[in-house]
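Please walk me through this structure, one region at a time.

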Amino acid sequence: MAAVRADRLVATLLFLQSRTRVTVAEVAAELEVSPRTARRDLEALSTAGIPVYSQRGRGGGWSLVGGARTDLTGLTAEEIRALFLLAGPSCTTPELRTALRKLVRALPAPLRAGAEAASRAGLTDGTNWSRADVTATGPHLDALRRAVVDGIQVRLGYAVPGKPVGVRTVHPLGLVAKAGHDYLVAETERGLRTFRLSRVASVQTTGEPVVRPPGFDLPTAWRSFAARLEQRLYAATVRARAEPGALAVLERMFDGRLHVGPALPDGWTEIRVDGPTPEVVATQLAGLGARIEVLDPPEARERLARLAVELAGAYGPPDPFGP
């Protein structure tokens with residue numbers, strides 16, 4: 001009920017902003033409430049510190065002092081809490097922190113407590129358990145964000161693994177955060193491409209306006225990119241059997257790419273693991289040693305046999321008298 005009333009107070013304030021002066025009857029009709037409820041809401045706004053005052057007599061009514069305005073844009077109480085829940089704990093730029101502070105001051109008092117509580121309700125930790133940075137945005141995020149917003153082409157220095165840095169002119173169209181990485185979606189001479197920001201070496205604006213492909217929509221374009229990548233990640237399946245104690249490790253290693261089958265008569269479990277190629281999956285499974293037996297395809301078994309030979313050549317057979 002408190003959220004409903006908070007939303008109604010915001011709607012009342014917005015209605016006041018749209019008129020020079022309103023009567024209780026007009027507020028009641030606009031919000032579809034009783035005149036008594038409308039009057040109580042107007043008085044609550046005034047008590048909360050919003051510069052609302054009433055004038056009696058002919059031509060009287062309720063007004064905002066000096067036509068005062070606040071930058072509320074129809075946000076509901078739930079929307080305000082969602083905004084602060086998402087942005088509040090993750091504020092990393094002075095601009096965003098300042099914007100949220102201004103928004104809190106602009107809110108009517110009944111909405112402030114919920115907004116402030118939401119801003120303290122979460123925390124984003126940008127490192128993994130090895131204390132390594134996993135929010136790999138690179139130092140050029142702000143420059144690319146400005147280029148996207150301003151619609152300006154950039155000369156992008158980009159380092160593909162194993163190759164020297166190349167420079168190309170691109171049309172920045174949007175930024176996407178996915179799995180701890182930020183990506184730039186841009187139009188190039190070869191069509192739409194994505195660029196991981198952690199591999200961007202330099203950004204130089206050209207002053208030329210971006211040319212957007214007809215009908216471009218960022219969510220649609222990204223879904224297409226993601227679908228193609230997922231197809232590559234799930235292109236091959238390796239079938240194997242695992243001892244019971246290995247299942248927890250496998251779940252951490254492969255997450256959604258692990259498919260656990262029925263238990264076998266010997267207590268082991270049949271599994272299937274998806275990956276880009278059988279060889280890649282076999283290499284990832286090799287660390288579990290004899291706790292995993294790969295059944296097929298033959299390419300995966302052959303990869304494990306080659307790895308065994310390579311490791312034995314590098315380290316020799318185990319010492320039969322060792323621990």
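Two strands pair if DSSP finds at least two bridges between them; strands are DSSP runs of E with at least two residues, and helices are runs of H or I with at least four, both numbered from the N terminus. The model is predicted, so local features need pLDDT of at least 70 and side-chain atom pairs pLDDT 80 or more, while totals for chains, interfaces and linings use all residues. Residues are numbered from 1 along each chain as its sequence is written, and side-chain values use heavy atoms, without hydrogens or water.

Strand β10 (residues 269–275) runs antiparallel to β8 (residues 236–242), joined by 7 bridges. Within β10, Ile271 stands opposite Ala240. Strand β9 (residues 258–263) also pairs with β10 in the antiparallel sense, over 4 bridges, and Leu258 has Val273 as its bridge partner there. β9 and β10 form a hairpin with 5 residues between them, where Gly267 in the turn has a positive phi of about 95°. Because 5 of its 7 residues are buried, β10 is largely enclosed by the rest of the structure; buried means under 20% relative accessible area, exposed over 50%, and partly exposed in between, with a 1.4 Å probe and protein chains only.

His171 lies in strand β4 (residues 166–178). His171 counts as buried because its relative accessibility is 14%. Its contacts (heavy atoms within 4.5 Å) beyond four places in sequence include Gln153, Glu187 and Val211. The His171 side chain also reaches the backbone nitrogen of Val211 at 3.0 Å.

Definitions and conventions
Polar contact = N/O pair within 3.5 Å; in protein donor to acceptor, adjacent residues only side chain to side chain.
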